Amino acid sequence: MQHADTPITILGSGNVATHLALAFHQAGYPIAQIWSRDFDHAEILAYRVDAEPINQLSLLKHSSAVYILAVSDDALYELPLDLDMREALVLHTSGSVPLSVLRSTGRYYGVLYAPQTFVRSQQMDYSRLPFCIEASNPVALQMLQQLASSVSTQVYEVDSDQRRWLHLASVFVNNFGNALHALSQDLLEAHGLRFEMLQPLIEMTTQKAVSQEASNHSLWKLQTGPAIRHDEKTIDRHLTMLKEDPTLFDLYQLFSHTIQEHCTPKEEKA
């Protein structure tokens, strides 16, 4: 597929739609249309990528080579029923919805999923964006590989079942990870401390997780802290400090137990 000869239409105007529109626009693909139920949202994104904004599916032109459905998971079960894209490549971007949801759109359909957190206002290095792809047939897969590879150097073939597990793991890493940061921020601010004091620790923890050592060994081998040391006096002291907050108390106990279960040698457990 030649970029200039491969117009793309994007259905959606949220965080994922915005970054995909920008990524493919920057890669030289013409963005034909941006659809959103909210015309103002469609117009804002369309302006950034020189596209036509629309808010009715009846206004979709059938001249694009690729249609990307960057919408909510629930919407995916509704939109394809209204779409007949003939020979175009139709893609969805969900981590938890199977490929088969697009079966009614035509012969060529697939999934373009990135396990990443997208925020409209934040710039992103698209060349490092991991694209996980799946397609309905070899022709669609080749088209999708060319499309994804034109933006990113990290493209993986991942089937629907694997993608569900990848999405679940992403929730733990990103959504739950951010929630733990937010809880820590609340805890510090309640006691007159600034969250920025933990920034070097957060950066070091992330560096360890993506280090060469982590890629060669289990991350459990990089675990530190009172739980892995079985420092029971410190653990009891922390739990006493958290006795007025049942949520943090339970989380602390759960994580401490989990760390000890995974990091204690089998012979010691026996």
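Leaving out residues up to four places away in sequence, Ser13 touches Thr18, Trp35, Ser36, His41, Ala42, Leu45 and Arg120 (contact: heavy atoms within 4.5 Å). Ser13 sits in the loop between S1 and H1. Its relative accessible area is 10%, so Ser13 is buried (buried: under 20% relative accessible area; exposed: over 50%; partly exposed: in between; 1.4 Å probe, protein chains only). The model is predicted: local features need pLDDT of at least 70, and side-chain atom pairs count only at pLDDT 80 or more, whereas totals for chains, interfaces and linings use all residues. Residues are numbered from 1 along each chain as its sequence is written, and side-chain values use heavy atoms, without hydrogens and water.

The largest nonpolar core holds 37 residues (a set of buried Ala, Val, Leu, Ile, Met, Phe, Trp, Tyr and Cys residues joined through side-chain atoms within 4.5 Å). Ile8, Phe24 and Ile34 touch the most other members. Beyond four places in sequence, Phe24 contacts Ile8, Tyr29, Ile31, Ile68, Leu112, Leu147 and Val151. A separate core of 23 residues includes Leu11, Leu79, Leu83 and Leu102.

Six salt bridges are found in the whole structure (a side-chain nitrogen of Lys or Arg within 4 Å of a carboxyl oxygen of Asp or Glu). Arg37 and Glu78 pair at 3.9 Å, N to O. Arg37 is exposed at 56% relative accessibility; Glu78 is partly exposed at 46%. Arg163 and Glu134 pair at 2.8 Å, N to O. Both Arg163 and Glu134 are buried.

Terms used: Helices (H or I, at least four residues) and strands (E, at least two) are DSSP runs, numbered from the N terminus.
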